[in-house]
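Hi there,

Here is the structure I promised to pass on to you. Have a look at it first, and then read my notes on the salt bridges below.

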Amino acid sequence: MKKLLGVLLVLVFAFVLAGCAPKDADAAKKKMEKKDYDVVVVKKDDGTVQRTLLAAIGDGVEASVTCTKETDDGKIGVTALLFESAKAAKAWYGDTEEKNAGLAGKWVYYGDEKAVKDFK
């Protein structure tokens, strides 16, 4: 029983320490602004134009978060797409050819290595 509890405790801590992606577009904006990024958020529920733009990206996209930042080495950036479901995100991620792309739950993100790391 003690071994089982120990294993469960380790799994819980691993999950907590894994650094989950933000819960929604607003949380992503807040997180990245704290890291000095300029952030533009487009949400599906903001209007017809936004729905059309997000639909052009892919099925099930709820929001897009684009972050850019000036560094000593030039401008870096990351684009993160929030999908309706993890299944939709995984399907889109499987089709992408983007470098430095990642998948976390309902998020697919891609961009410069440092910016991607900051988003995670």
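Let's start with Glu84, which has a relative accessibility of 45% and so counts as partly exposed. Please keep in mind that this is a predicted model.

Which residue does Glu84 pair with in a salt bridge? Its partner is Lys44, and the closest N and O atoms of the two are 3.2 Å apart. This pair links distant parts of the chain: Lys44 sits in the loop between β1 and α3, Glu84 in the loop between β3 (74–83) and α4 (86–95), and they are 40 residues apart.

Lys44 also forms a salt bridge with Glu62, where the closest N and O atoms are 3.8 Å apart. Glu62 belongs to strand β2 (residues 61–71) while Lys44 is in the loop between β1 (38–43) and α3 (48–57), so this pair ties together parts that are 18 residues apart in sequence. Like Glu84, which is partly exposed, Lys44 is partly exposed, at 27%, and Glu62 is partly exposed, at 28%.

Now go to helix α5 (residues 113–119), where Asp118 and Lys114 are 4 residues apart, which means about one helical turn separates them. They form a salt bridge too, with the closest N and O atoms 2.9 Å apart. Is Asp118 buried or exposed? Asp118 is buried, with a relative accessible area of 8%, whereas Lys114 is partly exposed at 47%.

The count for the model comes to 5 salt bridges, including the ones described here.

Enjoy exploring!

Notes. Residues are numbered from 1 along each chain as its sequence is written. This is a predicted model: local features need pLDDT of at least 70, side-chain atom pairs count only at pLDDT 80 or more; totals for chains, interfaces and linings use all residues. Side-chain values use heavy atoms; hydrogens and water are left out. A salt bridge is a side-chain nitrogen of Lys or Arg within 4 Å of a carboxyl oxygen of Asp or Glu. Helices (H or I, at least four residues) and strands (E, at least two) are DSSP runs, numbered from the N terminus. Buried means under 20% relative accessible area, exposed over 50%, partly exposed in between (1.4 Å probe, protein chains only).
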